[in-house]
Amino acid sequence: MEIFKIVGVGILTCIIAIILKQIKPEFLIIVILSGGIIMFLMVLDKLKSILDYILTIFNKTNLDYSLFVSILKILGVGYITEFANNICIDSGHSSIGEKILIAGKVIILGLALPIFTSLLNIIIELL
């Protein structure tokens with residue numbers, strides 16, 4: 001199973017980070033980023049199949065393609081801001097991480113407005 005490989009990389013990254021923190025703390029952020037990127041690359045194929053499945057649903061329901069794009073952007077912003085926040089926390093800068101989260105939430109709100117508008121239009125058509 002793929003999850004065991006991902007967990008293994010995660011645990012190995014943690015062990016290296018703990019050892020490196022005592023020896024060369026300035027390289028800690030590089031190890032954490034590298035481990036995160038490796039784990040992301042390991043799930044990239046799964047992510048592609050999930051996106052293909054979501055696209056199939058959109059095609060079958062004849063929904064506007066821009067909604068699909070908006071949903072993908074929202075997911076991307078959510079994952080990227082969470083990843084960046086965790087990196088900031090791991091490097092001891094949690095206040096910067098919190099600001100990244102706030103910015104991500106504002107961006108997500110802006111990206112969700114077309115979806116909300118489409119939902120309102122559907123409700124109006126039904127009435």
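This is a predicted model: local features need pLDDT of at least 70, side-chain atom pairs count only at pLDDT 80 or more; totals for chains, interfaces and linings use all residues.
How many residues apart in helix H3 are Lys-48 and Asp-52? The two lie four residues apart, about one turn of the helix.

The side chains of Lys-48 and Asp-52 are joined by a salt bridge, with an N to O distance of 2.9 Å. Asp-52 has a relative accessible area of 37% and is therefore partly exposed, since that value falls between the 20% limit for buried and the 50% limit for exposed. Helix H3 itself covers residues 44–61, and Ile-50 is also found there. Ile-50 is partly exposed too, at a relative accessible area of 48%. From Ile-50 to Leu-63 the separation is 13 residues in sequence, and their C-alpha atoms are 18 Å apart in space.

The salt bridges in the model number two. Besides the one between Lys-48 and Asp-52, a salt bridge links the side chains of Lys-24 and Glu-26, at 3.9 Å from N to O. That distance meets the criterion because a side-chain nitrogen of Lys need only be within 4 Å of a carboxyl oxygen of Glu. Lys-24 is partly exposed, with 38% relative accessible area.

Two packed helices are described by the angle between their axes and the distance between the axes. For helix H1 (residues 2–23) and helix H2 (residues 28–42), the axes come within 9 Å and cross at roughly 175°. H1 and H2 are therefore roughly antiparallel to each other, as an angle over 145 degrees is counted that way.

On the H1 side, the contact is made by Glu-2, Lys-5, Ile-6, Val-9, Gly-10, Thr-13, Ile-16, Ala-17, Leu-20 and Lys-21. Their counterparts in H2 are Leu-28, Val-31, Ile-32, Gly-35, Ile-38, Met-39 and Met-42. By residue type, this contact of H1 with H2 comprises 11 nonpolar, three polar and three charged residues.

How values were computed
Residues are numbered from 1 along each chain as its sequence is written. Side-chain values use heavy atoms; hydrogens and water are left out. Buried means under 20% relative accessible area, exposed over 50%, partly exposed in between (1.4 Å probe, protein chains only). Axes are lines fitted to C-alpha atoms, for helices over the stretch in contact, and angles run from 0 to 180 degrees between N-to-C directions. Angles under 35 degrees count as roughly parallel, over 145 as roughly antiparallel, 65 to 115 as roughly perpendicular and the rest as oblique. Contact means heavy atoms within 4.5 Å. Ala, Val, Leu, Ile, Met, Phe, Trp, Tyr, Cys and Pro count as nonpolar, Asp, Glu, Lys and Arg as charged, and the others, Gly among them, as polar.
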